[in-house]
Amino acid sequence: MKRVLVSGGAGFIGSHLCMRLINENHRVICLDNFFTGNKENVAHLLDNKLFELVQHDITKPYHADVDEIYNLACPASPIHYQHDPIQTAKTSVIGAINMLELAAKVDAKMLQASTSEVYGDPLVHPQSESYWGNVNPIGYRSCYDEGKRCAETLCMDYHRQAKVRVKIIRIFNTYGPRMLANDGRVVTNFVVQALKHENITIYGNGKQTRSFQYIDDLIEGMVRVMDTEDEFTGPVNIGNPHEFTMLELADKIISLTGSSSQIVFKTLPFDDPKQRRPDITLAQQKLGWQPTVELEEGLMRMIEYFKNNLK
Ligand code: NAD
Ligand code: UDP
């Protein structure tokens with residue numbers, strides 16, 4: 001049995017990870033300030049003796065005797081991370097320092113949830129880990145992109161200087177049950193709009209691309225990365241390499257829901273990346289991992305969840 005700390009554990013990805021770790025009989029401390037997460041996401045775990053939920057902001061230090069830390073705390077949706085950009089940057093940078101300090105103190109391994117956003121609006125396609133990215137340092141997305149880039153830097157500096165065992169994963173767009181209906185991300189927006197027969201809002205001309213990964217595939221990848229040998233730090237891309245335009249995504253969701261929604265076009269946000277697709281060769285070779293849930297199947301599960309949870 002391992003003692004595991006999951007920061008951001010009451011959020012979308014964190015709640016799935018906590019459940020997976022509890023199912024494997026590990027002891028889990030879930031740290032969250034409930035900015036975008038909530039107790040309901042982990043309600044099914046609250047009675048479990050292995051599970052502890054602690055309200056805490058990771059910009060403040062925290063101590064617990066643990067073997068592993070998954071550092072997930074940080075809002076991930078553009079509308080949420082741009083709501084209070086200073087807090088987002090603090091969460092990414094000071095939060096990472098606090099989690100790395102803890103890892104150094106108790107000799108824990110730490111996995112950092114980084115993001116495909118470190119590639120910015122990429123000039124290399126698909127993106128492999130060796131690409132350094134094309135990021136605007138002063139734009140609306142920078143609090144998140146640059147915050148996450150700095151967190152990667154800190155991981156590697158704590159690794160080299162303080163010998164902390166770190167693992168950096170670069171997560172590509174992930175979707176699934178327990179995303180917030182109003183989180184503004186494209187898959188939730190389209191599914192909710194389609195189920196309500198409202199207009200589907202495409203930003204820009206809809207020809208920009210993303211590659212969507214189902215939550216279960218990500219969780220499997222995360223656990224495998226944590227279990228790699230100490231010398232392996234990453235970064236490693238975890239994502240689904242099948243790439244779609246937003247127009248294709250909208251058409252798929254309209255047809256899977258049988259919706260009467262119409263597509264409408266809205267202004268493209270600043271610095272919106274034009275294309276994104278992971279090169280997952282490293283994950284395949286190192287972890288023997290690749291996604292198993294294709295977009296249509298994952299969308300059906302997501303649609304079922306929102307049918308039951310949209311009131
Ligand atoms: P989420 O918003 O659902 O979860 C983030 C959680 O962190 C929430 O529960 C929130 O309350 C908590 N949190 C935020 N600031 C905090 C703070 N200062 N102290 C303590 N808790 C705090 O987002 P998610 O989609 O579950 O993302 C989890 C992690 O994965 C994030 O670090 C995100 O950057 C990364 N990520 C997600 C995606 C994706 O597609 N979902 C893609 C790339 C990277
Ligand atoms: N998007 C869209 N309609 C929406 C929400 C988002 O067309 O209602 C677009 C957005 O401009 C971006 C893509 O979908 O090009 C993915 O957006 P999301 O916020 O989900 O993720 P990110 O941009 O962070 O990859």
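Pro235 sits in the loop between helix H6 and strand E11 (236-238). Helices (H or I, at least four residues) and strands (E, at least two) are DSSP runs, numbered from the N terminus. The peptide bond that leads from Gly234 to Pro235 is cis, with omega near 0 degrees. This is a predicted model, in which local features need pLDDT of at least 70 and side-chain atom pairs count only at pLDDT 80 or more, while totals for chains, interfaces and linings use all residues. Residues are numbered from 1 along each chain as its sequence is written, and chains are lettered from A and ligands numbered from 1 in the order in which they are written.

A cis peptide bond also joins His125 and Pro126, with omega about -5 degrees. Pro126 lies in the loop between E5 and helix H4 (142-162). Phi of Asn25 is near 70 degrees, a positive value in a residue other than glycine. Why mention such places? Most residues other than glycine have a negative phi, and most peptide bonds are trans.

The axes of H1 (residues 12-23) and H6 (residues 215-226) come within 10 Å and cross at roughly 60 degrees. Axes here are lines fitted to C-alpha atoms, for helices over the stretch in contact, and angles run from 0 to 180 degrees between N-to-C directions. H1 and H6 are therefore oblique to each other; angles under 35 degrees count as roughly parallel, over 145 as roughly antiparallel, 65 to 115 as roughly perpendicular and the rest as oblique. On the H1 side the contact is made by Ile13, His16, Leu17 and Arg20, and on the H6 side by Ile215, Leu218, Ile219, Met222 and Val223. Two residues are in contact if their C-beta atoms, placed from the backbone, lie within 7 Å. By class, this contact has seven nonpolar residues, one polar and one charged. Ala, Val, Leu, Ile, Met, Phe, Trp, Tyr, Cys and Pro count as nonpolar, Asp, Glu, Lys and Arg as charged, and the others, Gly among them, as polar.

The shell around ligand 1 holds 29 residues, and the closest are Gly8, Gly11, Ile13, Thr36 and Gly37. A residue belongs to such a shell if its C-beta atom, placed from the backbone, lies within 6 Å of the molecule. H1, strand E2 (27-32), helix H3 (85-106) and strand E5 (109-115) each supply at least two residues, and H1 has the largest share, three residues. The shell of ligand 1 divides into 14 nonpolar, 13 polar and two charged residues.

Ligand 2 is surrounded by 14 residues, of which Arg185, Val186, Asn189, Thr201 and Tyr203 are the closest. Helix H5 (186-195) and strand E8 (200-203) each give at least two residues to this shell; E8 gives the most, three. Seven residues around ligand 2 are nonpolar, four polar and three charged.

H5 in turn packs with helix H7 (residues 246-257) at an angle of about 35 degrees, their axes 9 Å apart. Val186, Phe190, Val191, Ala194 and Leu195 of H5 meet Met246, Leu249, Ala250, Ile253, Ile254 and Thr257 of H7. Ten of these residues are nonpolar, one is polar and none is charged.
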